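Subject: Handover of a structure

Dear colleague,

Please find below the structure that I am handing over to you. My findings follow it.

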Amino acid sequence: MNKFFRYFFIGIILPLLVQYVVYFQFTPNYTQDLFSEKSFVNFYGKSVYQSRQLGKQMHLWVYHKIAATKKMQTIKSNPYNSRRLLHLDADADPVFYLTYFFLACVFTVLFSLVLLFLLDDKLLIAGTSNDVVICLLVVLVGLTQFVVTPYDNPGYFFQAAGMLAFLNYYKTGKPVYYLLSLIIIAVATINRETSLLILSFMAAIYYSVYGIKAQWIKKMVLPVLCFVTPYLLLKLTTAKTAAFTDSSQLLLNLNLFNFYTLAGLAFAAFVFYFILTTINPQRSPLIKAFLVFSLPYIIIIPTVGMMVEYRLWMPIIIGSAVLSALNLSYMKECSRMKTGETIM
């Protein structure tokens, strides 16, 4: 019964409450001109956003489905429902906005439930409870959502699911979990490039257990292909121009006379302190390995991203939080139990 209430309140109620506050008690005014179908399609149909297909198409599909219902037509026709959104988008559609909320709820609940299931593994996970960490991650997902996108929340779920699938493969050696990991990486890449951090997570575990060995490096070939193949296909086929990144933001992100720069740098400093000290008091080598393998993504943040968009650091925080909870001694024991094999 206690487990049921944990999953109910932490896995379902908390994510729903967080998203409700974000979308209906606060107004995310950083993002503008993205709250109607016309402006949404126009924005995500250009630049680097063209290749981020899954979240975008899912949002449009759900919107068309619910907008066709009688209840949503009533909501849409009431000018009061659009009034609070007009300063964000001149063509604001309350049902389109509601679609953001609906999908954010679904994927944040799934994200939280997957983390609960993952961190409940008494063999893989050190310590007795990680509920506070999960609650903190859910709240951070909400806090960083002042930048509203159709792909961030699905991305967090795919990252958690990918980590869960890989850890099950690592523990059991069953090929079905390895195959599931590959599928999740490919699907997550169609959503957004942050799927790269699932590979960083896998490599960090392999390296921390085995060091530099050709056997596990070979194991990473298929996961890398599951990332690279859809990534290149999307860039070269869906994009009108093969833009792999947006224009450089490095000078802006290093301009110390800009308040946004200072806020972004302060949050980046907090992230590294939080990861290396607060959630990793045992100084697990898994965290440092993960940060090293995540360097391509970390470097991209100040180079082409907006540092003030704190959400860019969330995949790093999520991966580090899970790794900080792992029982490295058990991970090494798993490798020794595989007689005649140097890796799983």
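**The pockets**

Helix 16 gives the largest share of the lining of the largest pocket, namely five residues. Please keep in mind that this is a predicted model. The space in the largest pocket amounts to about 760 Å³. Its lining is made up of 33 residues, and those nearest the centre of the pocket are Y49, R52, R192, R311 and L312. Helix 16, which covers residues 295–304, supplies at least two residues of this lining, and so does helix 12, which covers residues 221–237. Sorted by class, the lining of the largest pocket holds 20 nonpolar, seven polar and six charged residues.

The second largest pocket has a volume of about 280 Å³. It is lined by 17 residues, with I279, N280, P281, S324 and A325 closest to its centre. The lining of the second largest pocket divides into 11 nonpolar and six polar residues, with no charged ones.

**Two helices that cross**

Two packed helices are described by the angle between their axes and by the distance between those axes. Here the pair to look at is helix 3 (residues 53–67) and helix 9 (residues 175–191), whose axes come within 4 Å and cross at roughly 70°. Angles of 65 to 115 degrees count as roughly perpendicular, and helix 3 and helix 9 are therefore roughly perpendicular to each other. Which residues meet where helix 3 and helix 9 are in contact? On the side of helix 3 they are Q53, L54 and G55, and on the side of helix 9 they are V187, I190 and N191. By class, this contact has three nonpolar and three polar residues, and no charged residue takes part.

**The chain as a whole**

The chain contains 18 helices and zero strands. Along its principal axes, the C-alpha trace spans about 70 × 50 × 40 Å. How does the radius of gyration of the chain stand against that of a compact globule? For 344 residues, a compact globule would have a radius of gyration near 20 Å; the value for the chain is 21 Å, which agrees.

You may then turn to the contact of helix 3 with helix 9, where L54 is one of the residues on the helix 3 side.

With kind regards

Definitions and conventions. Residues are numbered from 1 along each chain as its sequence is written. This is a predicted model: local features need pLDDT of at least 70, side-chain atom pairs count only at pLDDT 80 or more; totals for chains, interfaces and linings use all residues. Side-chain values use heavy atoms; hydrogens and water are left out. Axes are lines fitted to C-alpha atoms, for helices over the stretch in contact, and angles run from 0 to 180 degrees between N-to-C directions. Angles under 35 degrees count as roughly parallel, over 145 as roughly antiparallel, 65 to 115 as roughly perpendicular and the rest as oblique. Contact means heavy atoms within 4.5 Å. Ala, Val, Leu, Ile, Met, Phe, Trp, Tyr, Cys and Pro count as nonpolar, Asp, Glu, Lys and Arg as charged, and the others, Gly among them, as polar. On a 1 Å grid over the protein atoms alone, a cavity is a set of points where a 1.4 Å probe fits but cannot get out, and a pocket is an open set with protein on both sides within 12 Å along at least five of seven lines; lining residues have an atom within 4 Å of a point. Grid points are joined across faces, edges and corners, and a volume is the space filled by probe spheres set on the points. The radius of gyration is taken over C-alpha atoms; the globule rule is 2.2 Å times the number of residues to the power 0.38.
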